[in-house]
Amino acid sequence: MTRETFDTAKKIIADIDSLKAMKSEYKQEHWVSFYVSTVGKQSISDGILRDDLEKFIDFEISKLEEVLEKL
């Protein structure tokens, strides 16, 4: 494994961990928010958007895990 591959793998693992942490908070029914530089904290409260966000998180975790396996 090259240093570049190792660094890429570390970044992918960090992204997976971040997404899993976000999903954990979501599953515990905690608020999920985004921070936007011009308006600050923006909470996600709509059921449809929250459901879509969960699907997005699951999809991205799967995609990142596949990329990690290929490394």
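**Charged and nonpolar side chains in the predicted model**

At a relative accessibility of 15%, E60 counts as buried in this predicted model, the limit for that class being under 20%. E60 is found in helix α2, which covers residues 47-70. The side chain of E60 makes a polar contact, at 3.2 Å, with the side chain of K63.

R50 also has its place in helix α2. R50 is buried yet has no salt bridge. D51 carries the nearest side chain of opposite charge, and the distance to D51 is 6.5 Å. With neighbours within four places in sequence left aside, the residues in contact with R50 are Y26, E29, H30, W31, V32, I44 and S45.

Side chains of opposite charge can pair when their charged atoms come close. The count of salt bridges in the model comes to 4; three of them are described here, including the pair formed by D7 and R3. In that pair, the closest N and O atoms are 3.4 Å apart. D7 is partly exposed, having a relative accessible area of 26%, whereas R3 is exposed, with a value of 57%.

A further salt bridge joins the side chains of E65 and K20, with an N to O distance of 3.7 Å. E65 lies in helix α2 and K20 in helix α1, so this pair ties together parts that are 45 residues apart in sequence. The relative accessible area of E65 is 33%, and E65 is therefore partly exposed. K20 is likewise partly exposed, at 43% relative accessibility.

The surroundings of K20 involve other residues as well. Helix α1, where K20 has its place, spans residues 3-27. Apart from neighbours within four places in sequence, K20 is in contact with I61 and E65. The C-alpha atoms of K20 and I57 are 7.9 Å apart in space, while the two residues are separated by 37 residues in sequence.

The side chains of K23 and D58 also meet in a salt bridge, at 2.5 Å from N to O. This pair links distant parts of the chain, with K23 in helix α1 and D58 in helix α2, 35 residues apart. Both partners fall in the partly exposed class: K23 has a relative accessible area of 24%, and D58 has one of 29%.

A nonpolar patch is found on the surface, formed by F34, V36 and V39. Together, these residues have about 250 Å² of accessible area. F34 has its place in strand β1, which comprises residues 32-36. The relative accessible area of F34 is 38%, so F34 is partly exposed. This value meets the requirement of over 30% relative accessible area that applies to residues of a patch.

Notes. Residues are numbered from 1 along each chain as its sequence is written. This is a predicted model: local features need pLDDT of at least 70, side-chain atom pairs count only at pLDDT 80 or more; totals for chains, interfaces and linings use all residues. Side-chain values use heavy atoms; hydrogens and water are left out. Patches are made of residues with over 30% relative accessible area and no salt bridge: like charges are joined within 9 Å, nonpolar side chains (Val, Leu, Ile, Met, Phe, Trp, Tyr) within 5 Å. Accessible areas come from the Shrake-Rupley method with a 1.4 Å probe; for residues, only the protein chains shown count as cover. Helices (H or I, at least four residues) and strands (E, at least two) are DSSP runs, numbered from the N terminus. Buried means under 20% relative accessible area, exposed over 50%, partly exposed in between (1.4 Å probe, protein chains only). A polar contact is a pair of N or O atoms within 3.5 Å; within protein, one must be able to donate a hydrogen and the other to accept it, and residues adjacent in sequence count only if both atoms are side-chain atoms. Lys and Arg count as positive and Asp and Glu as negative; His and the chain ends are not counted. Contact means heavy atoms within 4.5 Å.
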